[in-house]
Amino acid sequence: PISFRLIIQNGAAGVDWEEFSAMSMNMLASENIPIAFWNTSPQDSLREVWFLASRFRSTADRKTKWLPVEYASLCRTEISDDALAKAEDSPLVRWERLNRKFWQWIVAVQKEAFKDQSQGNLFTADDVRLGLMAKLLMSREESRRPDWLFLQEVGMAKLTEDDFAASVDGNFPAARFTERLVATQPNLAELLACYIVVNASPKLNIRRAGKVQTTDVGLVLVKRSLLNAGYICAPLTRTANETDEKLLQLYKKNSGKPIVGIELRNARGSPLACLFGAHFEKAKTEQNLRELINIIIEKHGPDIPVLVVGDFNAVLKSSFEGKDLKAPVTCWSWRS
């Protein structure tokens with residue numbers, strides 16, 4: 001995790017600056033851990049299948065030089081499996097069907113292999129690591145806990161797409177969603193008595209018509225005491241039912257990885273800052289970060305500060321002012 005203080009100018013009478021504390025952490029969803037199986041050849045009975053599958057995997061990956069150009073140049077069809085099964089026959093459709101079957105086999109191999117390798121390691125389970133983080137946070141005095149929690153890659157397999165559905169007023173169902181978390185993960189009950197989830201974005205399977213995947217979720221949590229003090233958190237993203245076309249296009253460019261944001265307002269309803277937690281797609285971090293900031297500046301103007309934290313999958317320069325940005329941006333990066 002990284003922790004930091006956030007100092008924001010407040011337009012309220014008699015208050016010049018507001019200071020908050022925040023923490024950002026990638027929880028490494030269990031769904032994403034098995035891919036590590038391909039990093040090193042196992043030395044047990046899985047060795048032969050690893051060599052066979054890893055070579056097939058490299059050959060059939062459209063991003064490598066091994067796939068014949070006639071196939072590598074075929075675009076992916078971003079439709080559901082059901083729609084693909086009913087699609088009119090063509091070379092592209094036949095290839096897509098075959099390609100999907102192959103990758104389904106690859107995923108099955110890595111899941112079964114990783115399950116075998118991780119037997120006895122309790123920390124591979126999402127709820128164990130989430131529960132431990134909650135216990136560590138709640139062991140601190142209330143005044144020393146972060147005001148904000150930005151969590152990426154949170155595995156929440158017990159939730160469904162309906163849990164992210166907007167309330168009647170069109171906003172994120174903060175109270176209902178938090179109650180569902182307590183019901184599905186009781187070890188978070190103490191944490192969620194202190195914090196509330198003010199927005200959540202599940203991963204979208206772009207290659208399957210944007211299907212919601214609750215095994216990889218981005219969360220923004222805030223102390224209930226801040227809301228009781230009059231601060232307002234208005235969702236800026238609605239990934240499960242997004243209506244903003246520019247944000248939808250950004251989600252696609254980001255391969256559906258979660259971007260979750262809120263606008264912080266003071267008791268008068270005046271905006272103080274736009275706060276985001278993001279899991280950016282590798283090799284597209286800087287491009288997607290710039291686009292996200294520009295979308296927010298277009299909507300809210302250049303004067304409101306924008307904070308973006310999370311898993312960037314890249315190292316950014318210490319500061320940059322790109323010609324395609326509508327306002328100057330400063331970035332800080334950490335190397336582990």
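A residue counts as buried when its relative accessible area is under 20%. With that cut-off in hand, let's look at this predicted model.

Q: Why is Trp50 called buried?
A: Trp50 has a relative accessible area of 10%. Buried means under 20%, so Trp50 is buried.

Q: What makes Phe51 partly exposed?
A: The relative accessible area of Phe51 is 27%.

Q: Why is the pair of Trp50 and Phe51 called edge-to-face?
A: Their ring centres are 5.1 Å apart, and the planes meet at 85°. Rings pair if their centres lie within 6.5 Å, and planes over 60 degrees apart count as edge-to-face, so that is the name for Trp50 and Phe51.

Q: What makes the aromatic pair of Trp148 and Phe150 stacked?
A: Here the angle between the planes is 20°, with 6.3 Å from centre to centre. Planes under 30 degrees apart count as stacked. Both Trp148 and Phe150 are buried, too.

Q: How many aromatic pairs does a search of the whole structure find, and which residues do ring pairs link into a cluster?
A: The search finds 9 aromatic pairs. The cluster consists of Phe56, Phe102, Trp103 and Trp105, linked by ring pairs.

Q: How do you know that Leu136 counts as exposed?
A: Leu136 has 54% relative accessibility. Exposed means over 50%, so Leu136 counts as exposed. You will find Leu136 in helix H5, residues 126-138. Together with Leu122, Phe123, Val128 and Leu132, Leu136 makes a nonpolar surface patch of about 480 Å².

Notes. Residues are numbered from 1 along each chain as its sequence is written. This is a predicted model: local features need pLDDT of at least 70, side-chain atom pairs count only at pLDDT 80 or more; totals for chains, interfaces and linings use all residues. Side-chain values use heavy atoms; hydrogens and water are left out. Patches are made of residues with over 30% relative accessible area and no salt bridge: like charges are joined within 9 Å, nonpolar side chains (Val, Leu, Ile, Met, Phe, Trp, Tyr) within 5 Å. Accessible areas come from the Shrake-Rupley method with a 1.4 Å probe; for residues, only the protein chains shown count as cover. A salt bridge is a side-chain nitrogen of Lys or Arg within 4 Å of a carboxyl oxygen of Asp or Glu. Helices (H or I, at least four residues) and strands (E, at least two) are DSSP runs, numbered from the N terminus. Buried means under 20% relative accessible area, exposed over 50%, partly exposed in between (1.4 Å probe, protein chains only). Rings of Phe, Tyr and Trp (its six-membered ring) pair if their centres lie within 6.5 Å; planes under 30 degrees apart count as stacked, over 60 as edge-to-face and the rest as tilted.
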